[in-house]
Protein chains: 4
Amino acid sequence: MAINFITAGESHGRSLVGIIENIPAGLTVDAERINAELKRRMLGLGRGARMQIEDDRVEILSGVRARKSTGSPIALAVNNADHQNWINAVSWDGDANNRPLTAARPGHADLCGAIKFGFTDARNVSERASARNTAMTVALGAVAKAYFETLGIGISSHTVAIGIVKASPVKHTESVNELADADKVRCLDRSASAKMVDEIRLAALSGDTLGGVSEIIVTGVKSGIGSFTSVYKRLDGIIMAAVGSVPSVKAVEIGDGIECAKLYGSAVHDEMFPDGEGRIKRNTNRAGGLEGGMTNGEPIVVRAYFKPIPTLKNGLDSVDIKTGKAVKAADERADVCIVPSGGVICEAAVALALATAVSDMLGGDTMAEVAERYGKKDSAV
Amino acid sequence: MAINFITAGESHGRSLVGIIENIPAGLTVDAERINAELKRRMLGLGRGARMQIEDDRVEILSGVRARKSTGSPIALAVNNADHQNWINAVSWDGDANNRPLTAARPGHADLCGAIKFGFTDARNVSERASARNTAMTVALGAVAKAYFETLGIGISSHTVAIGIVKASPVKHTESVNELADADKVRCLDRSASAKMVDEIRLAALSGDTLGGVSEIIVTGVKSGIGSFTSVYKRLDGIIMAAVGSVPSVKAVEIGDGIECAKLYGSAVHDEMFPDGEGRIKRNTNRAGGLEGGMTNGEPIVVRAYFKPIPTLKNGLDSVDIKTGKAVKAADERADVCIVPSGGVICEAAVALALATAVSDMLGGDTMAEVAERYGKKDSAV
Amino acid sequence: MAINFITAGESHGRSLVGIIENIPAGLTVDAERINAELKRRMLGLGRGARMQIEDDRVEILSGVRARKSTGSPIALAVNNADHQNWINAVSWDGDANNRPLTAARPGHADLCGAIKFGFTDARNVSERASARNTAMTVALGAVAKAYFETLGIGISSHTVAIGIVKASPVKHTESVNELADADKVRCLDRSASAKMVDEIRLAALSGDTLGGVSEIIVTGVKSGIGSFTSVYKRLDGIIMAAVGSVPSVKAVEIGDGIECAKLYGSAVHDEMFPDGEGRIKRNTNRAGGLEGGMTNGEPIVVRAYFKPIPTLKNGLDSVDIKTGKAVKAADERADVCIVPSGGVICEAAVALALATAVSDMLGGDTMAEVAERYGKKDSAV
Amino acid sequence: MAINFITAGESHGRSLVGIIENIPAGLTVDAERINAELKRRMLGLGRGARMQIEDDRVEILSGVRARKSTGSPIALAVNNADHQNWINAVSWDGDANNRPLTAARPGHADLCGAIKFGFTDARNVSERASARNTAMTVALGAVAKAYFETLGIGISSHTVAIGIVKASPVKHTESVNELADADKVRCLDRSASAKMVDEIRLAALSGDTLGGVSEIIVTGVKSGIGSFTSVYKRLDGIIMAAVGSVPSVKAVEIGDGIECAKLYGSAVHDEMFPDGEGRIKRNTNRAGGLEGGMTNGEPIVVRAYFKPIPTLKNGLDSVDIKTGKAVKAADERADVCIVPSGGVICEAAVALALATAVSDMLGGDTMAEVAERYGKKDSAV
């Protein structure tokens, strides 16, 4: 079976829980590595008060012994430090539903979720729809990243736009994450970064929120991951699903997809040349590393377009779910701009999706098998 | 089981074949309806010579008796009229692989597909990766559309950009397809349409190709289809996967996703107001009908960004798969611009993906059950 | 999505963990109910020392608020009390693999698991392959049982054979579990029960183990669950997979399947008669409630054939995984006969499998919808 | 993705259709090989008149070029010669449902299927539930068998009982199928075979039907296929689902599962001994080649218990679906005993199920990769 996963948990519930299956035996799974990724998820100016409360640390509940994966399902938990503060407020275990959330936030799952599940209180919805739950995606993604490290595949991200401020293009290198993580908004363009910081502060001052764009880059991939043979095996679709399912993402672009829709074919496709040593080289990567639904050996480049988060200090016009009367939308504690950490979450989403495609292709009960099999795969470049 | 499907077939093989499962009993499945959709797939200026050869007609091989679905898998076939012309050329049944394709087209599956499967001839790749195979997607999509018609859900599309020519916004109405299909490039803005036609002709003259943008609109959907409860159930991700897996699509946008990444939250989220009759109204639909990974009762609006197709009369610089020498890419017979029909294909892809989500939610062995259950679902608007 | 689940955990690891998805909102999920099932899993003479150590109690980590399911994934944990005793012995968190298991037990996963995953120590295998992990199956199954209780569907089991001692047939009633649980070996036939007890004691005395047969009965099912339309939708196959995946089960029988293979058709098929009130009655249920891969309205009757467990006090002849030398198989702490509790585990396995099929058919975001939809389904009987 | 498949078709519809996906590139797929398996499905005394009408021949519609798989989905069709005789009778394409089937056959899908799908005519049910559709399982299974032949894995079957006549045990050899196919009832024990023939003739004379038991044997399997790590990965459960979903199978046994439930552990488990050359040998295979849900290197042995088919010349007591009145069950044209060919169908079912498990473990885009990877897997024996 390909690597797959499942998550559970609520924003102020006991724990976030996740299980990832079919990780071959012999992978080093280290709690500190996972914790480091959890810390990266908290990066970025514009995060709310919750970031001060939580010092996320993973517990590895199964599937790992003496720091090595055993081939059995790996269960992870991240406890919510804030749970104790909420246990009575929200009456997790009681009989009543305290602290109802009825002033549905436009742009949030509140209203549709309540209708779907027949609630007049959207608390059950907001607890699960909360971006808090992406912590488990990041934890599981860290396991997938360790799998890829064995194969020489690296996954990183950086902020390319916040609001109307755009970063200038940067050369992709393996150290993208190192540079990005050192910046307040995870932007590689220092001058743009300063403007982004200003934008976020301005938005915060006016009780507003901001979106933007993150770019995720996968390096070290060989050709032929994914497939054109059936629609659901196309890696572009698989990646779009993964990134498009990250909360707040409303558009996903592979390579220069949006720009390319405006150009002639002769200006779009990445021409190929013999490199003189029996391989193929290209001078461009407008395709973002994917052709015909497969990797082509160039870095995979994906852009995630985030809307501003829907919880505003200055509540928007809304309707109370219970009474049907006009109200201002609820002001739950929230961030101003999640784009910097959004990239980190998308890295995890891409890692998990790519792990499915790669493990599909390679199979493998042990990491030694996986590494040997991947080593033998050919690549154009 | 939710509605699901599988396709098979090659561009010049005997037949395209598809099976769609878990269509409830009692749905009217009419070959003429399916054929009408197959005809729509051929629409649009910029299509190549193949369109003159094929007069696609579906054969319903199973799952339908006396025009009604029986609850059993529905198998469809579309024969390739061009097969006879190719049978020896490509030696489908022979022992040799005639007519090898070695001058890999940049932007196409040729090179990576050949590497993946160990071919020195990309013919096996190009035959399956061909857009010809979307005919089966459209045929199966027509069955999904019939399912939705029963529920009052309509799916349509129109061209919003070809190359640098953009259409002005249009009001979404149920008759989008009727208007679009009557236009040469399936564009609702007549003046933009004329410019698009010029652009395509210009590209054709210079042996080049053109991409563009299609908008797909789903009307009549109630709230709560899809879910925030697990990442893979989010309808935005599901739709992005489906549309992003249509050949040539390199970006997918829900609602005004790209624009919204630049704006403040207060300018993005669709505020809600009591409509005075116990329901909720909104004056905007920037979310494209999806909030928290679920439908919110507004029309679903999705935009597909198509790259120009990679087969150019003036072959791009490339490398021969077999010899490794520099060559001009192969000029297989192809279209100049597939955006007009691309919208039709995306309609089918969305229909099939949405059918999975809706059948998941409703279950149902018979269409009568499905219709009754959907009728009872609540909606915000 | 249909109800589905995933489990993780090791026999002496921190916790057993499970996640069950797509339970509709509004189901009462009560820890005490789950604990009661966990207690039933410990029933039966012939259980080993572990039963004295563990007082299994479930922790509900997510998906439930104020005792009602929220529609989100439900995560459960059962902690291993014995973990602390083993944490150093097995070095879960250390760097070395202490207490290696190399004397592979014939009939156990030890040898093949070690070969599969490249281990020279089968500890990682025995920890996951341990029947201890069925505690999580039982916990998740208790949630599925609660779902079915809402629909008037009951699932029970009793012991029909231990070793060569067979119980006489009993009339199936709703109180099977009550009667069975009150018996030392969960057998309804008191005189057979006494002999079974003797058999188990005898086996224990000689350091041996015993298998037997459990019968699982599902009452209150309407017609038409499962389907003949695709092989993987046949409920008989689905149930056989579920029961056949319970450790130690080596054969699964639906109704009187084994006997029926010997008889003429006229003596096998359950004839149908009008009951005078517009329904159909049958005087026999040799089909075990399943015809054409579907329920037919009669109770589902399944028999699970358990081999004796493979850990014997008097170790069998074996080979050391590491040295390749002849050894006596390891004597890990274990039970003598698990048939009485095996039935309880099979109940859970059947509940989970049936929940998939039923939720497939009914869909439903809320339990109210599910109950209404099931209420409208027709039944032959 | 692991190898998977889907089928469609009706007993008297145009064609049976199947698609098998994820067959690696480079497998020889030969129509004559598939036809030979289709012919084997018709073997055996006791088959009905349909066998004279149909001379099943497969059409390969896609996924194969110049006799080699291309890596794309392989679509197969088997046309129903009898379709033309039925096209008006059953009005496939017309508006009316002629030739209704209302006298539901006990033991058949007729009644429950009609209730499920809301039909008052079970024709739609009987057409799909017909054993005729196993022809496509056999055709797809032949592709899976070709995949296994590359790996040195062989799948065969023979009849071990018909009615009360049991065959004496035979030594399993690679030539089981050759011997079995040469026998009238596919039985290796000549003297039992003669009695089985008598039994079938007797049943035919009295308008009755007969069941029996088939044994399926898989040779050449290495250790570690399947897994104990998650319930749905256990190969015993996977095989039971596959075999248990073959029409008429009501019990499935792995190895000596039923007998073993009666014995002491010391008499059940297959002891292991060093073979003196660094491998392990066993003198018994009571486990049927599966331990801990995995192959152990010994032949996989599975027994399928078939009930007598439910269509009897002397119709059983039944109820008319439409009128609710007592009737004799319909006498559709049918066989007397399908056990001999049932084994052939089970071979295909096992081949397809095992292909999923093996391709899972090995991955592989090409058969060369698959063969190399399998060659490196270790085995106990």
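The model is predicted, so local features need pLDDT of at least 70 and side-chain atom pairs count only at pLDDT 80 or more, while totals for chains, interfaces and linings use all residues. Residues are numbered from 1 along each chain as its sequence is written, chains are lettered from A and ligands numbered from 1 in the order in which they are written, and side-chain values use heavy atoms, with hydrogens and water left out.

**Chains B and A**

- Chain B brings 93 residues to its contact with chain A, and chain A brings 93 residues as well; contact here means heavy atoms within 4.5 Å.
- Together the two chains bury about 7,200 Å², 66% of it on carbon and sulfur atoms; buried area is the accessible area (1.4 Å probe) that two parts lose on being put together, summed over both.
- Lys250(B), His269(B) and Met272(B) supply 10% of the area that chain B buries against chain A, more than any other three residues.
- There are zero salt bridges between chain B and chain A, a salt bridge being a side-chain nitrogen of Lys or Arg within 4 Å of a carboxyl oxygen of Asp or Glu.
- Polar contacts do link chain B and chain A, with 37 residue pairs found (both at pLDDT 80 or more). Such a contact is a pair of N or O atoms within 3.5 Å; within protein, one must be able to donate a hydrogen and the other to accept it, and residues adjacent in sequence count only if both atoms are side-chain atoms.
- On the side of chain B that touches chain A, the residues divide into 48 nonpolar, 26 polar and 19 charged. Ala, Val, Leu, Ile, Met, Phe, Trp, Tyr, Cys and Pro count as nonpolar, Asp, Glu, Lys and Arg as charged, and the others, Gly among them, as polar.
- Strand E10 (residues 249-254) of chain A pairs with strand E10 (residues 249-254) of chain B in the antiparallel sense over three bridges, where pairing requires that DSSP finds at least two bridges between two strands.
- Within this pairing, Ala251(A) stands opposite Glu253(B).

**Chains A and C**

- Here 46 residues of chain A are in contact with 45 residues of chain C, and the two chains bury about 3,600 Å² between them, 53% of it on carbon and sulfur atoms.
- Four salt bridges cross this interface; one of them joins Lys116(A) to Asp365(C), with the closest N and O atoms 3.2 Å apart.
- Six residue pairs are in polar contact between chain A and chain C (both at pLDDT 80 or more).
- E2(A) gives five residues, the largest share of the side of chain A that touches chain C. Strands (E, at least two residues) and helices (H or I, at least four) are DSSP runs, numbered from the N terminus.
- That side of chain A divides into 16 nonpolar, 17 polar and 13 charged residues.

**Asp56(B)**

- Asp56(B) sits in the loop between helix H2 (50-53) and strand E3 (58-62) of chain B.
- Asp56(B) is buried, with a relative accessible area of 5%; buried means under 20% (1.4 Å probe, protein chains only).
- Its side chain makes a polar contact with the side chain of Arg132(B) at 2.9 Å.
- Leaving aside residues up to four places away in sequence, Asp56(B) touches several residues, including Asn35(B), Leu38(B) and Val78(B).

- An open sheet of ten strands runs E8(C)-E7(C)-E9(C)-E16(C)-E11(C)-E10(D)-E15(D)-E9(D)-E7(D)-E8(D), with antiparallel pairing.
- Strand E8 (165-166) of chain C and strand E8 (165-166) of chain D stand at the edges, each with a single partner strand, so one side of each lacks a neighbour in the sheet.
- E7(D) (residues 154-162) and E9(D) (residues 212-219) pair over eight bridges, and Thr159(D) has Ser214(D) as its bridge partner.

How values were computed:
Buried < 20%, exposed > 50% of the residue type's maximum accessible area, 1.4 Å probe, protein only.
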